[in-house]
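Please open the structure in a viewer and keep the selection tool at hand. The stops below are meant to be visited in order.

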Amino acid sequence: TFVAIEPGLITDRALVPNPVLSIARANPLHASIYTPDTTSPRILSVSLNMTSEILLLSFDETVNASSLDSTLLTLSDGGNEQVTLSGGVAMPGYSTTVAIKLLTSDLNEIKRSASLAL
């Protein structure tokens with residue numbers, strides 16, 4: 001990882017603030033320490049909107065929505081009623097929220113359940 005800095009990035013606390021010295025993009029500074037992300041994301045909340053047909057997942061860190069495999073997601077009433085998604089399209093991007101456009105077949109299964117989506 002490298003960094004380049006423009007003069008307006010930050011100033012010191014002097015009476016007349018001094019801007020940080022720039023580091024040119026042509027000669028960026030190499031990071032002396034790099035620690036890769038080894039923490040797995042956790043789902044914080046789930047929101048199901050049957051009108052918009054969107055399932056919204058909120059995570060504790062940024063995730064890659066394009067890596068989502070919605071067939072590994074099961075909706076449940078906490079008991080015996082379950083619907084495992086057969087597909088769905090995640091809106092692409094990197095964010096702490098992922099919106100999944102549900103398939104009509106999955107929506108119909110959810111609606112057939114007496115205790116899901118109440």
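Select Ile 110 to begin. Not counting residues up to four places away in sequence, Ile 110 touches Leu 48, Met 50, Leu 75, Val 83, Leu 102, Leu 116 and Ala 117, where contact means heavy atoms within 4.5 Å. The model is predicted: local features need pLDDT of at least 70, side-chain atom pairs count only at pLDDT 80 or more, and totals for chains, interfaces and linings use all residues. Residues are numbered from 1 along each chain as its sequence is written, and side-chain values use heavy atoms, with hydrogens and water left out.

Next, select helix H1, residues 104–112. Helices (H or I, at least four residues) and strands (E, at least two) are DSSP runs, numbered from the N terminus. Asp 106, Leu 107 and Ile 110 are buried in H1; buried means under 20% relative accessible area, exposed over 50%, and partly exposed in between, with a 1.4 Å probe and protein chains only. Viewed down the axis of H1, these buried residues fall within an arc of 100 degrees, so they line one face of the helix; the arc is that of the directions from the helix axis to the C-beta atoms. On the face turned away from the buried side are the exposed residues Thr 104, Lys 111 and Arg 112. The cover over the buried residues of H1 includes strands E3 (43–49), E5 (74–76) and E6 (82–84).

Now display the largest nonpolar core, which has 16 residues. Such a core is a set of buried Ala, Val, Leu, Ile, Met, Phe, Trp, Tyr and Cys residues joined through side-chain atoms within 4.5 Å. Among the members that touch the most others are Leu 55, Val 98 and Ile 110. Strand E4 (54–64), strand E8 (94–101) and H1 each supply at least two residues of this core, and E4 gives the most, with four.

Two strands pair if DSSP finds at least two bridges between them. In E8, Lys 101 stands opposite Val 89.

Finally, select Ser 70, in the loop between E4 and E5. Is Ser 70 buried or exposed? At 4% relative accessibility, Ser 70 counts as buried. A polar atom of the Ser 70 side chain lies 3.0 Å from the backbone oxygen of Gly 87.

Methods. A polar contact is a pair of N or O atoms within 3.5 Å; within protein, one must be able to donate a hydrogen and the other to accept it, and residues adjacent in sequence count only if both atoms are side-chain atoms.
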